[in-house]
Each structure stands twice: as C-alpha cells, then as structure tokens.
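Here is a friendly walk through the salt bridges of one protein model. Have the sequence and the structure open beside you as you read.

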Amino acid sequence: MDATFWALVGLVIFLAIMAYLKVPGMINGSLDKRADRIRNEIEEARRLREEAQQLLAEYQRKRQEAEQEAQDMVSAAKREAKQIVAEAKEKTEEYVARRTALAEQKIAQAERDAVNEVRSLAVDVAVAAAGNILADKVDGAKSAELFKDALGQVKTKLN
C-alpha cells in the first residue's frame with residue numbers, strides 16, 4: 001500500500017471526524033453570525049448616515065432661519081435709525097422755529113418798548129418845552145394852572 005492510499009484514508013478519516021463533530025456546521029454558523037454582524041453594522045451605519053443627513057438638514061435650516069432673523073433685525077434697526085434721525089430732524093426744526101418765534105417776539109416787544117419810551121421822552125420834552133414857553137409868557141399863578149391842564153390833556157391823548 002502506497003503512501004497515496006494512506007493519505008487518502010487519512011483524508012477520509014479526517015473528513016469523517018470533521019463531519020461527526022459538525023465542524024462544517026460550526027464554520028457555517030460562525031460565518032452566518034459574522035455575516036449577520038456585518039449586515040447589522042452596515043444597517044447601523046446606514047441609519048447613522050440618515051440621522052446625520054437629517055441633522056445636517058436641520059442645522060442648515062436653523063442657520064438659514066438665523067441668517068434671516070439677523071437680516072430682519074438689521075433691517076428693523078436701520079428703519080428705527082432712520083425714524084430716529086427723522087424725528088430728531090423734525091424736533092430740531094421745531095426747536096429752531098420756536099426759538100426763532102420767541103426771538104421775533106422779544107424783538108417786537110423791544111421795538112414796542114423803545115417806541116413807547118421814545119414817545120414818553122417826546123411827551124416829557126414837549127411838556128417841558130411847553131412849560132418853559134408858558135413860563136416865559138404867562139405869570140406864575142396862571143402858568144401853573146395852564147401847565148396842569150396841558151399836562152392832563154397830553155397824558156390822556158397819548159395813553
């Protein structure tokens with residue numbers, strides 16, 4: 001019997017022992033478990049990728065909303081600034097107009113006061129001149145009486 005025959009017998013015995021111990025089933029079971037584990041890992045990776053895409057989409061939407069909100073805030077601030085500037089300009093113009101009107105009133109009052117003072121001085125000068133003229137032409141008792149009458153008439157007419 002040659003070595004080839006014994007190698008064949010050894011191989012058959014080895015395969016019989018393997019079949020008896022159910023090694024191919026264990027190998028198949030182990031490979032099935034490994035395939036299941038790989039399949040589960042692939043499914044988990046796919047689920048994680050989908051979650052990541054959803055999170056990315058949500059963050060992009062939130063970013064866009066935040067950018068829009070920031071733009072709205074900037075626009076609102078610009079509108080408010082323009083309104084404040086317009087109000088300040090209007091208030092300044094009103095203030096200037098009030099101050100101008102007040103100054104014009106003060107000037108008009110000063111003019112009236114000056115005219116009244118000039119009139120008063122003119123009356124005093126006229127009365128004094130009339131008194132001097134009458135004093136030169138009329139005697140003492142008569143001049144005092146005429147002076148009082150003239151003074152009363154002048155005062156009533158000017159006031």
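R63 and E67 form a salt bridge, their closest N and O atoms lying 2.9 Å apart; the term stands for a side-chain nitrogen of Lys or Arg within 4 Å of a carboxyl oxygen of Asp or Glu. This is a predicted model, in which local features need pLDDT of at least 70 and side-chain atom pairs count only at pLDDT 80 or more, while totals for chains, interfaces and linings use all residues. Residues are numbered from 1 along each chain as its sequence is written, and side-chain values use heavy atoms, with hydrogens and water left out.

Why can R63 and E67 pair up? They sit four residues apart in helix α2, so about one helical turn separates them. Helices here are DSSP runs (H or I, at least four residues), numbered from the N terminus. R63 is partly exposed at 43% relative accessible area, and E67 is partly exposed at 41%. "Partly exposed" lies between buried (under 20% relative accessible area) and exposed (over 50%), using a 1.4 Å probe and protein chains only.

| Salt bridge | Closest N and O atoms |
|---|---|
| E43 with R46 | 2.9 Å |
| R61 with E65 | 2.9 Å |

E43 and R46 are three residues apart in helix α2 (residues 23–137), about one helical turn. R61 and E65 are four residues apart in helix α2, again about one helical turn. R61 is partly exposed at 40% relative accessibility, as is E65 at 43%.

Notes:
Helices (H or I, at least four residues) and strands (E, at least two) are DSSP runs, numbered from the N terminus.
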